[in-house]
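Here is a brief report on cores, a helix and ring contacts. The structure comes first.

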Amino acid sequence: MSLSKTSRIFIAGHRGMVGSAVWRRLTAKGYEKLIGRSSSELDLRNSSDVTQFLHEEKPEAIVDCAARVGGIGANAAAPYEFLMDNLQIQNNLIQGAYELGVKKFIFLGSSCIYPKLAPQPLKEEYLLTSPLEPTNEGYALAKIAGLKACEYLKKFHQKDFVSLMPTNLYGPGDQFDLERSHVLPAMMRKFHEAKLNNHAPVTLWGDGSPLREFLHVDDLASAVLMVLNQRLDEPYCNVGSGEEVTIEELALLVQQSVGHQGEILWDRERPNGTPRKLLDSTKIRTLGWQPNVTLQDGLATTYAWFLKRT
């Protein structure tokens, strides 16, 4: 199903990093009837409120960017909350969309759905083949449930409900709180504060050897736009840049983007985490999507956005 520029599209979580990027992309492409609600206006965990909202607004398509998210520490400390909040949000949206007859539903997940020790690069068929990473198991289980709900509606009810599984995302709208943020924005915050403190040394965890893949959120938004306008045969697709950097290489790039001139120290008593985490994004690339934002350019624009809000 292809949407028109006047189609009513609800972007759940439109004020978050992903949702705001999707909103920007669709607006730039001329979509005129985007629908958004803040969490204070609509609690997506409340089933009756979501049902009433959807029946009043009658969207033709929904992009589910809404989620409770956080770094390793936050996930490990509150697995029940991450599991239940995300289950409630996505269940209400998916079921509400199904009952209303919404034509297109895009569910956004995460690469953490894949087993901790799955072969690299991670292919879609590796899902549920072995145990998950324990530190974010609650969040991952919720995302797997949402993915499977959309897959079952597509397979058994012929609904155009699909899922996209992005790799590590970054960009404008990211979370820079050191207690809750992911590795890239946490690094950026540390280097920034050290720069202000006479370029003081920055200490990072591990030895810098793990490999990670990063995708600018605007590139994910371009994938969402593409999928909104074509019907996928696959129930879900990975979305990654296909490029890896070591944590040490990332640190040097972030340091350069921030302008920090001090020393980088590695606390080797701290854990490295998973040695490698790379998505196989062949399926979505064969559909014509490809990333366009280089890591260097993405870091520069992300830091500029951060500076405007500090």
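## Charges over rings

A charge counts as sitting over a ring if NZ of Lys or CZ of Arg is within 6 Å of the ring centre and within 35 degrees of the ring normal. In this predicted model, Arg68 lies over the face of Phe82, at 4.9 Å from the ring centre. Lys5 lies over the face of Tyr31, at 5.6 Å from the ring centre.

## Aromatic pairs

The whole structure holds 6 aromatic pairs. In one of them, Phe176 and Trp305 are stacked, 6.2 Å centre to centre with 25 degrees between the planes. Phe176 lies in the loop between β6 and α6 and Trp305 in helix α10, so the pair ties together parts that are 129 residues apart in sequence.

Phe176 counts as buried, at 6% relative accessibility. Trp305 counts as partly exposed, at 23%.

## Nonpolar cores

The largest nonpolar core has 38 residues. Phe10, Leu44, Leu93, Phe105 and Tyr114 have the most contacts inside it. Elements that each supply at least two residues of this core include β1, α2, α4 and β4. Helix α5 gives the most, with 6 residues.

A second, separate core has 33 residues, among them Met17, Leu164, Leu215 and Leu220.

## Helix α6

Helix α6 covers residues 183-196. Its 14 residues reach 20 Å from first C-alpha to last, close to the 20 Å expected. Its buried residues include Leu184, Met187, Phe191 and His192. Among the elements covering the buried residues are β7, β8, α8 and α10. Asn198 follows α6, with a positive phi near 55 degrees.

Methods:
Residues are numbered from 1 along each chain as its sequence is written. This is a predicted model: local features need pLDDT of at least 70, side-chain atom pairs count only at pLDDT 80 or more; totals for chains, interfaces and linings use all residues. Side-chain values use heavy atoms; hydrogens and water are left out. Helices (H or I, at least four residues) and strands (E, at least two) are DSSP runs, numbered from the N terminus. The expected span of a helix is 1.5 Å times one less than its number of residues. Buried means under 20% relative accessible area, exposed over 50%, partly exposed in between (1.4 Å probe, protein chains only). Contact means heavy atoms within 4.5 Å. A nonpolar core is a set of buried Ala, Val, Leu, Ile, Met, Phe, Trp, Tyr and Cys residues joined through side-chain atoms within 4.5 Å. Rings of Phe, Tyr and Trp (its six-membered ring) pair if their centres lie within 6.5 Å; planes under 30 degrees apart count as stacked, over 60 as edge-to-face and the rest as tilted.
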